[in-house]
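Happy to talk through this one with you.

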Amino acid sequence: MLHLLKIEWLKVKNYRTFWIIFILFLISIIGVNYVAHEMVQNFFDDRIKKKPGDLVIKMLIGTPPYSFPQVWQMVSQVASYLFIIPGLLTIILCTNEYSYKTHRQNIIDGLTRKQFVTSKILMVLVISVITTLVISLTALIFGYTSGTTFTTDNIHYLGIAFLESLNYCLFGVMIAVLFRRSGISIGVYFLYVVVFDNFLFWVLYRYGGRSGFFLPVDSADNLMVMPVFGELQKQIERPAFEYILAACISWILIYVFVSYQRFAKADL
(Lines give C-alpha, C1' and ligand atoms only; values in the text may rest on other atoms or scores of the structure.)
Protein backbone atom coordinates (compact mmCIF):
# COMPACT_ATOMS: atom_id res chain seq x y z
CA MET A 1 0.00 0.00 0.00
CA LEU A 2 2.78 2.42 0.93
CA HIS A 3 4.55 1.46 -2.28
CA LEU A 4 1.46 2.44 -4.30
CA LEU A 5 1.14 5.73 -2.44
CA LYS A 6 4.81 6.47 -3.13
CA ILE A 7 4.22 5.93 -6.85
CA GLU A 8 1.28 8.34 -6.80
CA TRP A 9 3.34 10.88 -4.86
CA LEU A 10 6.09 10.76 -7.48
CA LYS A 11 3.48 11.51 -10.15
CA VAL A 12 1.98 14.57 -8.43
CA LYS A 13 4.80 16.10 -6.40
CA ASN A 14 6.02 18.23 -9.33
CA TYR A 15 2.61 18.63 -10.97
CA ARG A 16 2.12 22.37 -10.48
CA THR A 17 -1.44 22.51 -11.86
CA PHE A 18 -2.61 19.91 -9.36
CA TRP A 19 -1.10 21.73 -6.39
CA ILE A 20 -2.39 25.14 -7.44
CA ILE A 21 -5.96 23.88 -7.86
CA PHE A 22 -5.89 21.71 -4.74
CA ILE A 23 -4.45 24.44 -2.51
CA LEU A 24 -6.95 26.97 -3.87
CA PHE A 25 -9.72 24.46 -3.12
CA LEU A 26 -8.55 24.07 0.47
CA ILE A 27 -8.28 27.85 0.91
CA SER A 28 -11.74 28.21 -0.61
CA ILE A 29 -13.20 26.03 2.15
CA ILE A 30 -12.22 28.73 4.64
CA GLY A 31 -13.05 31.59 2.28
CA VAL A 32 -16.53 30.40 1.31
CA ASN A 33 -17.38 29.75 4.95
CA TYR A 34 -16.19 33.23 5.84
CA VAL A 35 -18.49 34.71 3.20
CA ALA A 36 -21.36 32.51 4.42
CA HIS A 37 -20.65 33.61 7.99
CA GLU A 38 -20.82 37.27 7.03
CA MET A 39 -23.96 36.84 4.97
CA VAL A 40 -25.87 34.51 7.26
CA GLN A 41 -24.61 34.78 10.82
CA ASN A 42 -24.20 38.54 10.97
CA PHE A 43 -27.41 39.18 9.01
CA PHE A 44 -29.54 37.07 11.31
CA ASP A 45 -27.80 38.38 14.42
CA ASP A 46 -28.67 41.91 13.33
CA ARG A 47 -32.28 40.96 12.57
CA ILE A 48 -32.69 39.20 15.91
CA LYS A 49 -31.31 42.22 17.78
CA LYS A 50 -33.77 44.49 16.00
CA LYS A 51 -36.68 42.06 16.26
CA PRO A 52 -35.96 39.63 19.12
CA GLY A 53 -39.45 38.19 18.87
CA ASP A 54 -39.33 37.54 15.14
CA LEU A 55 -40.58 33.96 14.89
CA VAL A 56 -39.66 33.68 11.20
CA ILE A 57 -36.00 34.43 11.92
CA LYS A 58 -35.96 32.00 14.83
CA MET A 59 -37.49 29.31 12.65
CA LEU A 60 -34.89 29.88 9.95
CA ILE A 61 -31.82 30.03 12.13
CA GLY A 62 -32.59 27.95 15.21
CA THR A 63 -29.24 28.38 16.98
CA PRO A 64 -26.32 30.43 15.58
CA PRO A 65 -24.90 28.29 12.72
CA TYR A 66 -21.26 29.15 13.33
CA SER A 67 -21.35 28.44 17.03
CA PHE A 68 -20.71 25.12 18.73
CA PRO A 69 -22.20 22.58 18.15
CA GLN A 70 -23.87 23.72 14.90
CA VAL A 71 -20.56 24.85 13.40
CA TRP A 72 -19.52 21.26 12.57
CA GLN A 73 -22.61 20.85 10.42
CA MET A 74 -22.57 24.34 8.91
CA VAL A 75 -18.93 24.28 7.80
CA SER A 76 -19.25 20.75 6.42
CA GLN A 77 -22.38 21.65 4.48
CA VAL A 78 -20.94 24.84 2.99
CA ALA A 79 -17.68 23.08 2.07
CA SER A 80 -19.59 20.29 0.34
CA TYR A 81 -20.62 22.71 -2.44
CA LEU A 82 -16.95 22.74 -3.47
CA PHE A 83 -16.49 18.96 -3.67
CA ILE A 84 -16.88 19.01 -7.43
CA ILE A 85 -13.35 20.48 -7.54
CA PRO A 86 -11.46 17.48 -6.07
CA GLY A 87 -13.69 15.29 -8.22
CA LEU A 88 -12.45 17.12 -11.32
CA LEU A 89 -8.87 16.89 -10.03
CA THR A 90 -9.08 13.12 -9.77
CA ILE A 91 -10.35 13.00 -13.35
CA ILE A 92 -7.40 15.08 -14.54
CA LEU A 93 -4.92 12.86 -12.68
CA CYS A 94 -6.49 9.64 -13.96
CA THR A 95 -6.91 10.73 -17.58
CA ASN A 96 -3.32 12.01 -17.63
CA GLU A 97 -2.31 8.37 -17.23
CA TYR A 98 -3.98 7.62 -20.55
CA SER A 99 -2.77 10.77 -22.27
CA TYR A 100 0.89 10.15 -21.41
CA LYS A 101 0.63 6.33 -21.55
CA THR A 102 1.98 6.06 -18.00
CA HIS A 103 -0.69 3.47 -17.20
CA ARG A 104 0.99 1.16 -19.71
CA GLN A 105 4.40 1.88 -18.28
CA ASN A 106 3.19 1.09 -14.76
CA ILE A 107 1.91 -2.31 -15.93
CA ILE A 108 5.16 -2.97 -17.82
CA ASP A 109 7.15 -2.06 -14.69
CA GLY A 110 5.33 -4.72 -12.69
CA LEU A 111 2.10 -3.27 -11.30
CA THR A 112 -0.98 -5.42 -11.76
CA ARG A 113 -4.12 -3.81 -13.14
CA LYS A 114 -5.74 -4.17 -9.74
CA GLN A 115 -2.82 -2.39 -8.07
CA PHE A 116 -3.03 0.45 -10.56
CA VAL A 117 -6.69 1.13 -9.75
CA THR A 118 -5.96 0.65 -6.04
CA SER A 119 -3.33 3.40 -6.25
CA LYS A 120 -5.98 5.79 -7.58
CA ILE A 121 -8.37 4.85 -4.79
CA LEU A 122 -5.62 5.45 -2.21
CA MET A 123 -4.96 8.84 -3.79
CA VAL A 124 -8.66 9.68 -3.43
CA LEU A 125 -8.61 8.58 0.21
CA VAL A 126 -5.69 10.92 0.92
CA ILE A 127 -7.42 13.83 -0.82
CA SER A 128 -10.61 13.20 1.18
CA VAL A 129 -8.73 12.92 4.46
CA ILE A 130 -6.90 16.21 3.86
CA THR A 131 -10.18 17.86 2.86
CA THR A 132 -11.85 16.64 6.06
CA LEU A 133 -8.94 17.87 8.19
CA VAL A 134 -9.21 21.35 6.65
CA ILE A 135 -12.98 21.34 7.25
CA SER A 136 -12.43 20.38 10.90
CA LEU A 137 -9.81 23.12 11.33
CA THR A 138 -12.17 25.66 9.74
CA ALA A 139 -14.99 24.60 12.06
CA LEU A 140 -12.72 24.97 15.08
CA ILE A 141 -11.66 28.46 14.01
CA PHE A 142 -15.23 29.70 13.53
CA GLY A 143 -16.47 27.85 16.59
CA TYR A 144 -13.89 29.38 18.91
CA THR A 145 -14.26 32.88 17.45
CA SER A 146 -18.01 32.67 18.15
CA GLY A 147 -17.27 32.67 21.87
CA THR A 148 -19.20 29.46 22.56
CA THR A 149 -17.95 26.48 24.53
CA PHE A 150 -16.21 23.74 22.60
CA THR A 151 -18.21 20.54 22.19
CA THR A 152 -17.96 17.47 20.00
CA ASP A 153 -21.74 17.31 19.57
CA ASN A 154 -22.47 17.08 15.83
CA ILE A 155 -18.83 16.28 15.06
CA HIS A 156 -20.09 13.23 13.15
CA TYR A 157 -20.77 15.64 10.29
CA LEU A 158 -17.04 15.55 9.60
CA GLY A 159 -17.42 11.85 8.82
CA ILE A 160 -20.34 12.66 6.54
CA ALA A 161 -18.21 15.29 4.77
CA PHE A 162 -15.51 12.64 4.28
CA LEU A 163 -18.02 10.25 2.72
CA GLU A 164 -19.39 12.98 0.47
CA SER A 165 -15.91 13.94 -0.72
CA LEU A 166 -15.15 10.26 -1.31
CA ASN A 167 -18.34 9.89 -3.33
CA TYR A 168 -17.51 12.81 -5.62
CA CYS A 169 -13.89 11.74 -6.13
CA LEU A 170 -14.54 8.05 -6.73
CA PHE A 171 -17.31 8.97 -9.14
CA GLY A 172 -14.65 10.99 -10.95
CA VAL A 173 -12.28 8.00 -11.00
CA MET A 174 -15.00 5.81 -12.51
CA ILE A 175 -15.83 8.40 -15.18
CA ALA A 176 -12.13 8.76 -16.05
CA VAL A 177 -11.65 4.99 -16.36
CA LEU A 178 -14.78 4.65 -18.49
CA PHE A 179 -14.09 7.49 -20.93
CA ARG A 180 -10.27 7.87 -20.67
CA ARG A 181 -10.04 11.25 -22.40
CA SER A 182 -9.87 14.28 -20.12
CA GLY A 183 -12.17 16.56 -22.12
CA ILE A 184 -14.95 14.00 -22.49
CA SER A 185 -14.58 12.80 -18.87
CA ILE A 186 -14.70 16.31 -17.43
CA GLY A 187 -17.68 17.19 -19.63
CA VAL A 188 -19.64 14.07 -18.63
CA TYR A 189 -18.78 14.54 -14.95
CA PHE A 190 -19.69 18.23 -14.90
CA LEU A 191 -22.93 17.77 -16.83
CA TYR A 192 -24.10 14.92 -14.62
CA VAL A 193 -23.18 16.49 -11.28
CA VAL A 194 -24.36 20.02 -12.06
CA VAL A 195 -27.25 19.42 -14.47
CA PHE A 196 -28.59 15.89 -14.83
CA ASP A 197 -28.39 14.79 -11.20
CA ASN A 198 -30.31 17.86 -9.99
CA PHE A 199 -32.82 17.56 -12.84
CA LEU A 200 -33.42 13.87 -12.15
CA PHE A 201 -33.78 14.56 -8.43
CA TRP A 202 -36.57 17.09 -8.86
CA VAL A 203 -38.35 15.01 -11.50
CA LEU A 204 -38.23 11.95 -9.26
CA TYR A 205 -39.20 14.00 -6.20
CA ARG A 206 -42.23 15.31 -8.01
CA TYR A 207 -43.35 12.10 -9.68
CA GLY A 208 -41.48 9.30 -7.93
CA GLY A 209 -41.71 10.22 -4.29
CA ARG A 210 -38.42 9.98 -2.41
CA SER A 211 -36.45 7.86 -4.89
CA GLY A 212 -34.44 10.91 -6.01
CA PHE A 213 -32.62 10.91 -2.66
CA PHE A 214 -30.88 7.67 -3.70
CA LEU A 215 -29.26 8.99 -6.90
CA PRO A 216 -25.44 8.71 -7.06
CA VAL A 217 -24.55 12.28 -6.12
CA ASP A 218 -27.76 13.19 -4.30
CA SER A 219 -27.32 10.27 -1.92
CA ALA A 220 -24.18 12.05 -0.70
CA ASP A 221 -25.56 15.60 -0.86
CA ASN A 222 -28.64 14.71 1.17
CA LEU A 223 -26.75 13.26 4.10
CA MET A 224 -26.66 16.82 5.44
CA VAL A 225 -29.09 19.73 5.52
CA MET A 226 -28.13 23.35 5.97
CA PRO A 227 -28.66 24.14 9.68
CA VAL A 228 -29.72 27.70 8.89
CA PHE A 229 -32.78 26.37 7.09
CA GLY A 230 -33.05 23.15 9.04
CA GLU A 231 -36.56 23.82 10.31
CA LEU A 232 -37.84 24.52 6.81
CA GLN A 233 -36.06 21.52 5.32
CA LYS A 234 -37.69 19.25 7.89
CA GLN A 235 -40.95 19.94 6.05
CA ILE A 236 -39.53 18.13 2.99
CA GLU A 237 -40.40 14.46 3.06
CA ARG A 238 -37.09 12.63 3.23
CA PRO A 239 -36.12 8.97 3.61
CA ALA A 240 -34.54 7.92 6.88
CA PHE A 241 -30.92 8.97 7.26
CA GLU A 242 -29.82 5.34 7.47
CA TYR A 243 -31.28 4.60 4.03
CA ILE A 244 -29.57 7.58 2.41
CA LEU A 245 -26.29 6.62 4.09
CA ALA A 246 -26.62 3.05 2.83
CA ALA A 247 -27.27 4.37 -0.69
CA CYS A 248 -24.19 6.62 -0.56
CA ILE A 249 -21.92 3.79 0.61
CA SER A 250 -23.44 1.46 -1.99
CA TRP A 251 -22.66 3.93 -4.78
CA ILE A 252 -19.09 4.29 -3.53
CA LEU A 253 -18.69 0.50 -3.71
CA ILE A 254 -20.25 0.49 -7.19
CA TYR A 255 -17.78 3.15 -8.39
CA VAL A 256 -14.89 1.05 -7.10
CA PHE A 257 -16.25 -2.18 -8.61
CA VAL A 258 -16.89 -0.62 -12.03
CA SER A 259 -13.44 0.99 -12.06
CA TYR A 260 -11.73 -2.32 -11.29
CA GLN A 261 -13.78 -4.22 -13.85
CA ARG A 262 -13.35 -1.65 -16.60
CA PHE A 263 -9.59 -1.34 -16.20
CA ALA A 264 -9.17 -5.11 -15.84
CA LYS A 265 -10.92 -5.82 -19.15
CA ALA A 266 -9.99 -2.77 -21.24
CA ASP A 267 -7.19 -2.73 -23.79
CA LEU A 268 -4.21 -0.76 -22.60
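Q: What share of the 268 residues in the protein is buried?
A: This is a predicted model, and in it buried residues make up 46% of the 268 residues.

Q: What makes up the secondary structure of the protein?
A: There are 12 helices and 0 strands. Read along the sequence, the pattern is α-α-α-α-α-α-α-α-α-α-α-α. As for contacts with a separation of 6 or more, 80% of them are between residues 24 or more positions apart.

Q: Why are H4 and H8 called roughly parallel to each other?
A: The axes of helix H4 (residues 70-80) and helix H8 (residues 156-179) cross at roughly 10 degrees and come within 9 Å. Angles under 35 degrees count as roughly parallel, so H4 and H8 are roughly parallel to each other. Their crossing is right-handed.

Q: Which residues make the contact of H4 with H8?
A: From H4 come Trp-72, Gln-73, Ser-76 and Ser-80, and from H8 come Tyr-157, Leu-158, Ala-161 and Glu-164. Sorted by class, the contact has 4 nonpolar, 3 polar and 1 charged residues.

Q: How do you know whether Leu-166 counts as buried or exposed?
A: Leu-166 has 8% relative accessibility. Buried means under 20%, so Leu-166 counts as buried. Leu-166 has its place in helix H8. Leaving aside neighbours within four places in sequence, Leu-166 is in contact with Val-124, Leu-125, Ser-128 and Ile-252. The C-alpha atoms of Leu-166 and Thr-131 are separated by 10.0 Å, with the two residues 35 apart along the chain.

Q: Why does His-103 count as buried?
A: The same cut-off of under 20% applies: His-103 has 1% relative accessibility, so it counts as buried. His-103 lies in helix H6 (residues 102-108). Among its contacts, leaving aside neighbours within four places in sequence, are Glu-97, Tyr-98 and Phe-116. Phe-263 and Leu-268 are also in contact with His-103.

Q: What makes H5 largely enclosed by the rest of the structure?
A: The count of buried residues does: 13 of the 16 residues of H5 are buried, so the helix is largely enclosed.

Q: How do you know that the reach of H5 is close to what is expected?
A: Helix H5 (residues 84-99) reaches 22 Å from its first C-alpha to its last, and 22 Å is expected at 1.5 Å a residue. Just after H5, Lys-101 takes a positive phi of about 60 degrees.

Note on methods
Residues are numbered from 1 along each chain as its sequence is written. This is a predicted model: local features need pLDDT of at least 70, side-chain atom pairs count only at pLDDT 80 or more; totals for chains, interfaces and linings use all residues. Side-chain values use heavy atoms; hydrogens and water are left out. Axes are lines fitted to C-alpha atoms, for helices over the stretch in contact, and angles run from 0 to 180 degrees between N-to-C directions. Helices (H or I, at least four residues) and strands (E, at least two) are DSSP runs, numbered from the N terminus. Angles under 35 degrees count as roughly parallel, over 145 as roughly antiparallel, 65 to 115 as roughly perpendicular and the rest as oblique. A crossing is left-handed if the near helix is turned anticlockwise from the far one by less than a right angle, and right-handed if clockwise. Contact means heavy atoms within 4.5 Å. Ala, Val, Leu, Ile, Met, Phe, Trp, Tyr, Cys and Pro count as nonpolar, Asp, Glu, Lys and Arg as charged, and the others, Gly among them, as polar. Buried means under 20% relative accessible area, exposed over 50%, partly exposed in between (1.4 Å probe, protein chains only). The expected span of a helix is 1.5 Å times one less than its number of residues.
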